[in-house]
Amino acid sequence: MQTSNSSLDPPSVSAAIGEPQKYSDSIIGEDSGPENVRNSVSYCQGQLVEEKAVIVRSNTSRTRFSSPIWRLPTEILSEIFLYCLPEDEHLMYTSKQAPMLLTRICCRWREIAVGLPMLWCSLQLQMRYDDWEKRAFCYDSWLKRSGGRPLSLRIRCRPDRNNLQSLLQPYVQQISSLSLDFLRNTGPFIMEDFLALKELTISQYVLDDSPRAINGSLSKLPVNLRRINMENVWINERQLYCFPDSAWARLTHIEITVDGLYAFARILRLCPNLSHLKIVGVFHSIQIPESVMHTNLQSLCMCWRVLRHSGEDLGLFKVMTLPNLRVLEASHRGLWPHEDFMEFLTRSKYPLERMVLDSVVSITARQRAEYATLIPSFDIISGAGRPYNVDEEWKDQYL
């Protein structure tokens with residue numbers, strides 16, 4: 001680092017660098033007794049410490065302002081930090097990614113990052129037995145930095161969750177979105193007191209006793225919960241009857257995978273305020289004894305597959321009446337139940353404004369023209385619905 005020729009050096013720095021002989025002369029003089037020498041050395045030592053501090057400040061100031069990044073206002077850096085966050089919905093606690101990485105660059109960056117609540121509103125919590133105390137401390141520090149803002153959490157559930165529930169207790173009024181991954185045999189996750197919770201996602205990654213845990217978790221739902229996504233969970237009619245009507249009556253959006261049309265009808269009865277339903281299932285021919293009318297459903301997305309030897313006529317549209325349905329998306333590999341669907345439209349007084357069929361749905365040109373006349377927006381799109389692959393365990397059980 002060059003300092004002696006810089007025009008930015010203050011006079012005191014230049015003097016300290018250019019006149020070293022001055023200090024030696026003050027020590028070795030005419031009267032150079034031991035006491036005088038010690039006093040002179042102490043004096044010169046103090047002077048050198050002061051001059052060193054001046055040099056350090058000069059170099060630090062010059063280095064800082066030579067890089068544009070150091071001159072950026074805190075507000076601009078804060079916006080840049082937000083763009084540094086990974087695109088993952090739930091962030092991991094790791095020093096190799098933002099926001100933790102931003103706290104390791106320098107003191108100023110750490111101060112800005114720690115004081116920016118929007119960086120700390122999303123977190124994925126991993127439960128491990130070997131280092132839980134350390135993890136709990138790190139998770140708690142992260143959540144505190146959210147500054148009371150709404151939280152979006154993902155939790156990978158394991159059998160012992162008492163410590164986890166204790167960790168989350170101070171933040172139950174902040175958690176607005178929660179994703180639960182059931183990894184193994186475990187008990188229910190109690191969330192009745194999560195009063196800020198509005199969105200819930202449940203995923204099942206094992207086939208042991210997780211239905212018991214899921215049923216228990218869904219039996220008592222927070223009063224403000226409106227959306228549930230259970231596309232990664234198999235739900236049948238028997239499970240749905242385990243849920244009290246009061247727990248599901250407030251739901252407005254559901255995405256779910258079901259077994260059979262009975263479960264579909266049960267959902268409509270459980271959720272009178274439902275406005276959006278996405279349902280994926282493996283259906284078999286059954287007769288639904290009662291008709292189902294739902295006056296609030298506005299959007300219905302269906303993707304189903306018929307089991308072997310079940311026949312094509314499932315009676316899907318024979319019992320439904322949806323007078324306020326505005327959007328229908330459907331994916332079904334096989335013949336489309338045209339006659340039943342036309343009766344459904346007549347019974348529901350032609351409410352549809354948009355209809356989208358997957359290209360795998362088999363309809364005739366005449367039927368296509370009829371739908372295009374009756375429905376303001378009608379499309380056939382490749383991949384509009386999600387093709388569903390049945391696991392081998394479920395094939396063995398039902399086929």
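Biologist: Which side chain makes a polar contact with the side chain of S152?

Modeller: That of H90, at 3.2 Å. Bear in mind that this is a predicted model.

Biologist: Where is S152 found?

Modeller: In strand β2, which covers residues 151-157.

Biologist: Buried or exposed?

Modeller: S152 counts as buried, because its relative accessibility is 16% and the cut-off for buried is under 20%.

Biologist: What else is S152 in contact with, leaving aside neighbours within four places in sequence?

Modeller: Besides H90, the contacts of S152 are C121, S122, L123 and S177. C121 also counts as buried, at 16% relative accessibility.

Biologist: And S122, where is its place?

Modeller: S122 is in strand β1, residues 122-126. With a relative accessibility of 12%, S122 counts as buried.

Biologist: What does the side chain of S122 reach?

Modeller: The backbone oxygen of E89, at 2.7 Å. Apart from neighbours within four places in sequence, S122 touches E89, H90, L91, W142 and S152.

Biologist: Switching to cysteines. How many disulfides are there?

Modeller: The count comes to zero. C107, for one, is in no disulfide, and the nearest cysteine sulfur belongs to C106, 6.8 Å away.

Biologist: Is C107 buried or exposed?

Modeller: Exposed, with a relative accessible area of 71%.

Biologist: Now helix α5. Which of its residues are buried?

Modeller: L77, S78 and F81, in a helix that runs over residues 74-83. These three cover an arc of only 105° around the axis, so they sit on the same side of α5.

Biologist: Which residues are exposed on the other side of α5?

Modeller: E75 and Y83.

Biologist: What do the buried residues of α5 pack against?

Modeller: Helices α4, residues 68-71, and α6, residues 107-114.

Biologist: Next, W304. Which strand is it in?

Modeller: Strand β9, residues 299-306. W304 is buried, at a relative accessible area of 4%.

Biologist: How far apart are the C-alpha atoms of W304 and V280?

Modeller: They are separated by 5.6 Å, although the two residues are 24 apart along the chain.

Biologist: What about aromatics, how many pairs does the structure hold?

Modeller: There are 13 aromatic pairs. Ring pairs also link a cluster made of F317, W336, F341, F344, Y371 and F378.

Biologist: Which residue lies over the face of W120?

Modeller: R145, at 4.8 Å from the ring centre.

Biologist: Last, the overall numbers. How many helices and strands are in the protein?

Modeller: 15 helices and 15 strands. Of the 399 residues in the protein, 43% are buried.

Biologist: And among contacts between residues at least 6 apart in sequence, what share joins residues at least 24 apart?

Modeller: The share is 63%.

Terms used:
Residues are numbered from 1 along each chain as its sequence is written. This is a predicted model: local features need pLDDT of at least 70, side-chain atom pairs count only at pLDDT 80 or more; totals for chains, interfaces and linings use all residues. Side-chain values use heavy atoms; hydrogens and water are left out. Buried means under 20% relative accessible area, exposed over 50%, partly exposed in between (1.4 Å probe, protein chains only). Helices (H or I, at least four residues) and strands (E, at least two) are DSSP runs, numbered from the N terminus. The arc is that of the directions from the helix axis to the C-beta atoms. Contact means heavy atoms within 4.5 Å. A disulfide is a pair of cysteine sulfur atoms within 2.5 Å. A polar contact is a pair of N or O atoms within 3.5 Å; within protein, one must be able to donate a hydrogen and the other to accept it, and residues adjacent in sequence count only if both atoms are side-chain atoms. Rings of Phe, Tyr and Trp (its six-membered ring) pair if their centres lie within 6.5 Å; planes under 30 degrees apart count as stacked, over 60 as edge-to-face and the rest as tilted. A charge sits over a ring if NZ of Lys or CZ of Arg is within 6 Å of the ring centre and within 35 degrees of the ring normal.
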